[in-house]
Amino acid sequence: MSLNVINNATCTFCGCVCDDIQLHFDETRIHEAKKACVLGKAWFLNHTADHEYPDALIDGHEATVDEAIEAAATFLHDAHMPLIYGLSNTTCEAQREAVSLADRLGGLLDSHTSL
Amino acid sequence: MYWGGNPAECHPRHFTKYTLMQKSKFLPRGRKDRTMILVDIRETKSGGAADIFLQIRPGKDFEVLTILRAILKGQHVNESAIAETGLTLEQLTDFIDRAKKAKFGCMFFGMGLSMTRGKHMNSAALLTLAAELNAFTKFVAMPMRGHGNVTGADVIMRWQTGFPFGITFNRGYPRYNPGEFSTVDVLVRGDTDAALILGADPGATMPQPAIDHLARIPTIVLDPKVTHTSRLARVHITTSVAGISAPGTAYRMDEIPLPLKPALKSPYPTDQEVVRRINEAVARKSHWIPDGGPMTILQR
Ligand code: SF4
C-alpha cells in the first residue's frame, strides 16, 4: 500500500511551529512524521480521521451541529458579560472570527497569554 | 541565553533548528561560534546543551536581574544581596562581560521566570536588561511560547483591537486591563455569565474556583476532543484539528506566520466555520444595546 506524502508540513504542537515535517499518510491516519521531534510525532500520529466523538453535545446529550450552534448563540446573546477564551490550539482564521464575535457580543476576549 | 525554561524537553527542536546548531554567514561554525547560558533554579535536561549553567535560588529571578542591571551600569552591589541569589559576583560579572562582548544576543524566557514569584515584574526586568544591553551590542528577548498558536492569538488580537489579551468590548470599543479582564480573575470573581472556550482546556489547567464558576454558568466548548471543560459545559461542538485536519495559518513564537498543511480529512467542521456560524446566529438576534439597531455583519 502506498502512502500519500506531504513535504514541509507544519507542526503546531509547540511554539517552535516547525515547518519542515514530511508526513506519510492514508485516508484515516498519519503513519510517519519525518523530522518531527518526539512530541511532534506523537501529536501527528495520535489523530485519526475517524468519527470518534459525537458531533455535538447539549447538556450531555448528543445533538446536531445546527442545534448546538443555535444553543450557543442563545446562551451568549442572553448573557450580560459573555467571555471568549482560549484561542491557542486553533488557526488565526478562527481567532479572527472569535474577535469579531466578542465585538458583536460586547463581551470579554482573552487568551492563554493572560495565565 | 535561556532563563527559566527547559527547551530540551518542551521545545525539543529549538536548539537544533533555530538557536544553537544552524550554520550561517556570520556564524560558519554553528554551535562552536555561539555561547549558551542557562539560568534556572535546578539543572534540567537543557543543562547538557549549555556552556554555562547558573543555578539561582527559587524566587530570586527579579533580584538577579536587578543586580545584573546594576553591574551593567557599573554600580556597586551589596555583597549580602548577591549572596541571597545563590550566585557569586564573579558569575554575575562574567555574565555581563559575555553579554556585552556578544555580537548579537538573544534571551529566551520561560514560565520559570514569568509564572514564579514576581511574575510579570520578572519579565519586565528581563526585557529592561535586554533593552539596556543595546547600549553595548544588539540584544533581543523573546518569551518561549507553549501551545501551538498562542502567538497567533496575540498577533490577531493586536491587529484587530490594538491589545494582545485581557480585552473587553463592553463599552462598544476595546479596552485592555489584565487583572480586571483576564479570564482567571473574571472567573474567580464570578463576573462573567456565559463562556465560549475554544482551543483550550481550562477545566484541566485553571484554579478550582475558576473551574467551579465555569460549571455554574452556560459554558460552550469547541474542541476536537470531549475535554474536561466539555464535561462541565452546557454545549460541546467537536471541531477538526488545526494543522492535522483543518487548514489555516499559525504563528511561530517569533511571529512568523506559517501555513498549515492538513493531511487528513475530518468529519467535523473547523473552529473557524463554527465560530462564524455562531456569529451569524447572534447577528440575527436583537442588538445588546437596546437602541443599537439591528446587527449587521460589518466586519466580514
Ligand atoms: S516538531 Fe517538535 S519542536 Fe517542532 S513544533 Fe512540533 S513539537 Fe515543537
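In the predicted model, Asn279(B) touches Glu97(A), Ser100(A), Leu101(A) and Arg104(A), leaving aside residues up to four places away in sequence. Asn279(B) belongs to helix H13 of chain B, which covers residues 271–283. With a relative accessible area of 3%, Asn279(B) is buried, the cut-off for this class being under 20%.

On the chain A side, the residues touched by Asn279(B) include Glu97(A) and Arg104(A), and helix H3 of chain A spans residues 92–105. This helix has 14 residues and extends 20 Å from its first C-alpha to its last, close to the 20 Å expected at 1.5 Å a residue. Because 11 of the 14 residues of H3(A) are buried, the helix is largely enclosed by the rest of the structure. Among the buried residues of H3(A) are Glu97(A), Ser100(A), Leu101(A) and Arg104(A), each of which is touched by Asn279(B). Cys92(A), Ala94(A) and Leu105(A) are also among the buried residues of H3(A). Just after the helix, Gly106(A) adopts a positive phi of about 65 degrees.

In chain B, the second largest pocket receives lining residues from both domain 1 (2–143) and domain 2 (150–284), and therefore lies between them. The volume of this pocket is about 1,100 Å³. Its lining comprises 33 residues, with Thr19(B), Arg34(B), Phe104(B), Gly105(B) and Cys106(B) nearest the centre. Two or more lining residues come from each of helix H2 (14–19), helix H5 (89–101), strand E4 (104–109) and strand E5 (138–143) of chain B. By class, 19 residues of the lining are nonpolar, five are polar and nine are charged.

Key. Residues numbered from 1 in each chain as written. Chains lettered and ligands numbered in written order. Predicted model: local features only at pLDDT ≥ 70, side-chain atom pairs only at ≥ 80, totals over all residues. Heavy atoms only, no water. Helix = DSSP H or I, 4+ residues; strand = E, 2+ residues; numbered from the N terminus. Expected span 1.5 Å × (residues − 1). Buried < 20%, exposed > 50% of the residue type's maximum accessible area, 1.4 Å probe, protein only. 1 Å grid on protein atoms, 1.4 Å probe; cavity = no way out; pocket = protein on both sides within 12 Å on 5 of 7 lines; lining within 4 Å. Points joined across faces, edges and corners; volume = space filled by probe spheres on them. Nonpolar A, V, L, I, M, F, W, Y, C, P; charged D, E, K, R; others polar. Domains from an automatic or database assignment. Contact = heavy atoms within 4.5 Å.
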